[in-house]
Amino acid sequence: MTLSFRPGLERVTAYTPGRAAPVGATGRSIKLSSNENPFPPLPSVVERLREVLPEAVSRYPDLAAPAVTEALAERFAVTPSNIVLGSGSVEVASQFIHALTAPGDEVVFAWRSFEAYPILTRVAGAVPVAVPLDAEGRHDLDAMAAAVTERTRLVFVCNPNNPTGTVVTTTALEAFLARMPDRVLVVLDEAYAQFDRDPASPSGPALFARHPNLAVLHTFSKAYGLAGLRIGYAVAAAEVAGELRKTALPFAVTRLAQEAALASLDSVAQAELDARVQRIVEERERLAAGLAARGVRVATSQANFLWWAGGDRSEVLGDALHASGIAARVFPGEGVRLTVGSPEENDAVLAAVGTMGPVALDPTGVGA
Ligand SMILES: *Cc1c(COP(=O)(O)O)cnc(C)c1O
């Protein structure tokens, strides 16, 4: 064959998912590599899925997803015209890029951040502009503002940042928004917002009310525990949302995803989910303290994962966890991202790290 492929695709590496959990020496297998929720789905959500299952499988979903769209609009005090759903917020991120960029236009984001940003950008024919995080693993908003050019159409700000767990402040973000030229849309990716306990952090939907050049990206995958059903959404100006919808894959948001999201937004379900999020936050603090006591000083995290800036020791930690049946996300030469699991899973992490000894992890500390 002599097929020719889209120029630029040669520079794209397909998204690498979190490693599957290995089986450790103890026979245990724990996946802490994809920031998933350790809890099973809520009984009320499972019940709703069972009810709609037969029809949901044989029929196309309602493309407009009116019930969940209205529930979200009500929650954020916007209109349904401000809500755009997608097959996970990754698909909605892709809709932003396709709707706003022409080939050669630039998309600015921090790095290291969510690995989908550069992939989606290149696949759309746009040019990724990755701006290094500061020494503390935080967005360098001044450097990002300076990286905006005539070709910039879109800026992603991931808050809390994946994989470092750091946050920007409301004040810093508002100053950043004020510096953006009119042709630039800022997308605040709040995939982990529910885990954020820093009072200085922005609330995307509240900021959206004051800044039309901001859009907010949310997902049901993390705090809501629906990663496998694929549903996320944006809150954006109606003008932006309308263009996004044109770039969506038809019927990408299944009826099952819509029903599960809707059942999760019910007030009783929401209270149960909030309690689970609180437990994960408490486990995060316990795990961080336990790791620090064992020589692994992780960065302060406002998400459901921890980041150890281990530099060239990162693989040592990743390998030790792997040998104990625990999959973490290792960025060789940079760091390790570890999802906060159930209490038992976190205990297994602490036990595995405890057997390593502090010397293996260099107590003089490249850790943040
Ligand atoms: C997990 C994650 C998402 C959500 O992806 P879905 O497609 O909604 O599952 C979006 N942004 C970031 C930064 C993430 O880490």
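A: The model is a predicted one, and a count over it gives 18 salt bridges.

Glu 174 and Arg 210 form a salt bridge in which the closest N and O atoms lie 3.1 Å apart. Glu 174 has a relative accessible area of 22%, so it counts as partly exposed; the cut-off for buried is under 20%.

Another salt bridge connects the side chains of Arg 284 and Glu 285, with an N to O distance of 2.8 Å. Arg 284 is buried, because its relative accessibility is 2%. Glu 285, in contrast, is partly exposed, with a relative accessible area of 44%.

The side chains of Glu 136 and Arg 138 also meet in a salt bridge, at 3.6 Å from N to O. Here Arg 138 is partly exposed at a relative accessible area of 37%, and Glu 136 is partly exposed too, at 47%. Exposed would require over 50%, so the 47% of Glu 136 leaves that residue in the partly exposed class.

Salt bridges also occur as a network. Arg 48, Glu 51, Glu 55, Arg 255 and Glu 259 are linked in this way.

Key. Residues numbered from 1 in each chain as written. Predicted model: local features only at pLDDT ≥ 70, side-chain atom pairs only at ≥ 80, totals over all residues. Heavy atoms only, no water. Salt bridge = Lys/Arg side-chain N within 4 Å of Asp/Glu carboxyl O. Buried < 20%, exposed > 50% of the residue type's maximum accessible area, 1.4 Å probe, protein only.
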